[in-house]
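Biologist: Before I rely on the terms used for this model, I would like to hear what stands behind each of them. Could we go through them one at a time?

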Amino acid sequence: MAAQALADAAVRAGHHAQAFPYFGAERRGAPVQAFARIDSRKIRVKSQVYEPDLVVVLDASLFELEPVTEGLKEGGRLAVNTPLRPEELEIGEGTEAVTATADATAIALQTLKVPIVNTAMLGVLCRVQDLVPIETVMEAVQERFGEKLGAIAGRANASSAWKAYDGAVVGVASGKRRIARAKEWRPAWHEMPAGTSLPSATIDGVEVGPGSARTNLTGEWRWSTPFYKKDRCIRCLRCWWSCPDAAIDRLDDDYMRWNFDYCKGCGICADICPVSAIDMIKGVHRW
Amino acid sequence: MVRMTITANAAVAHAARLARVALVPGFPITPQTTIIEQISEFINDGEMDAEFIPAESEHSVMSVAIGASAGGVRTFTATSSQGLALMYEMLFAAAPSRLPIVMVNANRSVGAASGIWTEHNDSLPVREAGWLQAYVEDGQEALDATLQAFRIAEDARVRLPVMVCMDGFILTHTVEAVDVPERAEVDRFLPRFDTTNTLVPSDPMVMSPIVPPEFAMEMRYQQDRAMQASLEVIKEVDEEFAGLFGRRYGGLFEEYRMEDAEYAMIGLGTWVGAAREVVDQLRAEGRKAGLIKLRFVRPFPATELREALKDMKAVGVFERSASFNGFGPLYTELRSAMYGTDVPITDHFGGIGGRDITVPDVREMYEVVERRSRGERVNECTWHGLRGEQG
């Protein structure tokens, strides 16, 4: 939605623009991608962006998992959500880029009361590009988010963008550590089972087929962890019903236990709990 | 072998019985219904050890067929027209899942003008669903092609579903003498159902999961290769069938009096019978006419047809399915196959909506083909038997 707001702002500023997400499985807590292109003429290409001029990183921990700056153009820039200064960042081997940083999570928590950092990061982005002014971005954010989430949320998101813009630090980030792209199974057509029928198997170290979800510990994706206050729980089972990953075990006495191997920290259980018996605590915990 | 005087629908039911089909989902639709009725009777009378599942729609019929085939049993069903249309979605699920289902489609016109009569506008539009499509000429071939279909579908090089198409009423409900083989003979031709692609609870597998773009293209290419491989398998199976039963259908297509032919007609279905008569007449008059009876539209035997037709002075394509402000599907495919040759080809629509096709009708069509080769101006596409001027 922030990528759309950026494209919207670019159009308002007289440019041609497009924005789209990665069209695939998207879940809260899992890494996601979105793309935007801005140009002075009509944009005809519809493919994903592989050589960006600018990369916005919504979670700095991604630098340890993914080659985030892969394909970044010579002279390309970064906007990163981190309390660190650009010079303190490790952005991957052989990369050096003008970078703006801000603690967007803190700003979002302050302005939106939730750690949704995308609009704040639009503000940070405005410090390292001059095609779209921050005022226009705020206009677009206010209108787009306002339409969908209500005028108050629209204003809060615009304010989030402004605060991040205002507080961002610009410097040069660089990196020495090599971040290898995880090995992915990309079989040739004759190596694939007919009809993509997969028995339980391990391919390139990754389990596939039935039961493979057991070994893919998606709890690693979590950045906040539900904390269960059993004394408050009225055993209504709503969290148990609502967990999209079936990561909440219902015990014999109808109290709950979280399975932190798979809990992605989406926070739906905390949202749905009628008696506030679940708190979301920042960070990856197990208790 | 027993010689019976039966309809093509009954012949097909016998084929399903002889093939030891284990599961038949069905939903009635004219003119197919008597196939599944006959199969129900076989099951009821203990002549066929199979489960019949009456489903609530054709969409469900194909869904059941997919489940049954994935469950590891030989599966057969039959449908027609709007029934095939209602299955559309599941046709596209069966083929990529590589399930060797065999289905007979009684060709009948689809939609309005509502009719129960034959037309090929039900099956030809789904020729990109990934199924093999065979078309038959008479009751004997209906039985034989259905038996062959199981062998072709289940061949490890193919593993694709096969649709056997036959003209509604004019074939499905016409009684003819049909040699019905003994079960032991068919057992020699058709081994036990066996695929690797089977869901077994004790050894589970994921079948046709959501396939992201990173894999879907390779999966489609597998389908393409399997369809390509079926060209040879069809020929082999027809040869083996001929060895066992003494009947041979030419594999992908039959050439009738093509040895020294200069003009050829090509088409599929019951029309071929009348065309044989016309070719005989013309030959008796000293004219060098020949005929190609196309048995398979998918796979389309492009290379083989080009070889068979490259020296013709003219070729006429007969289609029982119109294309609006366009060219018929067979014509389009044949033109592509013949690209680079200078053989003039004309397109001929006839028998639309089940209108009868007579010997003089076919003869009229042939005359257009010859006129074209003499350089006369004729329509690229002619509607035969149409009342009123053609623009």
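Predicted model: local features only at pLDDT ≥ 70, side-chain atom pairs only at ≥ 80, totals over all residues.

Biologist: What makes strand 11 and strand 14 of chain B a pair?

Modeller: Two strands count as paired if there are at least two bridges between them. Strand 11 (residues 263–267) and strand 14 (residues 314–319) of chain B are joined in the parallel sense over four bridges, so the pair meets that condition.

Biologist: Why are strand 10 and strand 16 of chain B called edge strands?

Modeller: The open sheet has six strands in the order 10-12-11-14-15-16 (chain B), with mixed pairing. Strand 10 (253–256) and strand 16 (381–383) of chain B each pair on one side only, and they are therefore the edge strands. Direction ignored, neighbouring strands of this sheet are turned by 20° against each other on average.

Biologist: Which helices lie across strand 14 of chain B, and at what angles do they run?

Modeller: Helix 8 (residues 271–284) of chain B lies across strand 10, strand 11, strand 12 (289–294) and strand 14 of chain B, and its angle, about 165°, is given to strand 12 of chain B. Helix 10 (residues 329–337) of chain B lies across strand 11, strand 14 and strand 15 (345–349) of chain B, and runs at about 150° to strand 14 of chain B. Angles between N-to-C directions go from 0 to 180 degrees.

Biologist: How do you know that the two domains of chain B touch, and what does domain 1 contribute?

Modeller: Chain B is divided into domain 1 (2–245) and domain 2 (253–383), with 28 Å between their centres, taken over C-alpha atoms. Residues are in contact if their C-beta atoms lie within 7 Å, and the contact takes 24 residues from domain 1 and 19 residues from domain 2 of chain B. Helix 7 (213–245) of chain B gives the largest share of the domain 1 side, five residues. By class, that side has twelve nonpolar, eight polar and four charged residues.

Methods
Residues numbered from 1 in each chain as written. Chains lettered and ligands numbered in written order. Helix = DSSP H or I, 4+ residues; strand = E, 2+ residues; numbered from the N terminus. Domains from an automatic or database assignment. Nonpolar A, V, L, I, M, F, W, Y, C, P; charged D, E, K, R; others polar.
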